[in-house]
Amino acid sequence: MNAEQEVIAAALERADALAGGDSDRLRRLLHPDFHWTSHLGEQFDREDYVRSNTAGAITWKKQSLTDAEVVVVEQVAVLRCVAADDVVSDESVRSTFRMPMTQTWVKEGDRWLCLAGHAGPRLEG
């Protein structure tokens, strides 16, 4: 598996951890200095991100990644894709929405860790 494939595999594992509500697994995939900017402009550090996505107002059912492009420079990778998020709100409303997403990954030892990400804006349709 080449570096680009490893990054996509790590991103899919992150998506699976979200869908499973698995805070420990999600945390292991995120760098200690991780930061995220949501499609609403909200900013999260690692602990806030894990908490809001595993014990927050929404329950993840699935996240799919399409049109993935990865650029690797030494031990850093940038993944650009379109994410389709299938979630249920605390009002039990199920929604699927799509948006562009960018993630920055760093390699530590033999693992890729997500250092930062940004999603949005939401796409129509």
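Visitor: Does Ser-89 count as buried or exposed, going by its relative accessibility?

Guide: In this predicted model, Ser-89 is found in strand β4, which covers residues 76–89, and apart from residues up to four places away in sequence it touches Ala-57 and Ile-58. Buried means under 20% relative accessible area. Because the relative accessibility of Ser-89 is 19%, the residue counts as buried.

Visitor: Which strand supplies the largest share of the lining of the largest pocket?

Guide: The largest pocket has a volume of about 440 Å³, and among the 23 residues that line it, those closest to its centre are Ser-38, His-39, Asn-53, Ile-58 and Trp-60. At least two lining residues are supplied by each of α1 (3–20), α3 (46–54), β3 (58–73), β4 and β5 (94–108). The largest share, four residues, comes from β5.

Visitor: How many nonpolar residues are in the lining of the largest pocket?

Guide: Sorted by class, the lining has four charged residues and six polar ones. The nonpolar residues in this lining number 13.

Visitor: How many bridges join β4 to β5?

Guide: These two strands form a hairpin with four residues between them, and Ser-92 in the turn has a positive phi of about 65°. Asp-85 stands opposite Phe-97 in β5. The strands run antiparallel, and the number of bridges joining β4 to β5 is 13.

Visitor: Which residue in the turn between β5 and β6 has a positive phi?

Guide: Strand β6 (residues 111–119) runs antiparallel to β5, with eight bridges joining them, and Glu-108 stands opposite Arg-111 in β6. The hairpin that β5 and β6 form has two residues between the strands, and the turn residue with a positive phi, about 65°, is Gly-109.

Terms used. Residues are numbered from 1 along each chain as its sequence is written. This is a predicted model: local features need pLDDT of at least 70, side-chain atom pairs count only at pLDDT 80 or more; totals for chains, interfaces and linings use all residues. Side-chain values use heavy atoms; hydrogens and water are left out. Buried means under 20% relative accessible area, exposed over 50%, partly exposed in between (1.4 Å probe, protein chains only). Contact means heavy atoms within 4.5 Å. On a 1 Å grid over the protein atoms alone, a cavity is a set of points where a 1.4 Å probe fits but cannot get out, and a pocket is an open set with protein on both sides within 12 Å along at least five of seven lines; lining residues have an atom within 4 Å of a point. Grid points are joined across faces, edges and corners, and a volume is the space filled by probe spheres set on the points. Ala, Val, Leu, Ile, Met, Phe, Trp, Tyr, Cys and Pro count as nonpolar, Asp, Glu, Lys and Arg as charged, and the others, Gly among them, as polar. Two strands pair if DSSP finds at least two bridges between them.
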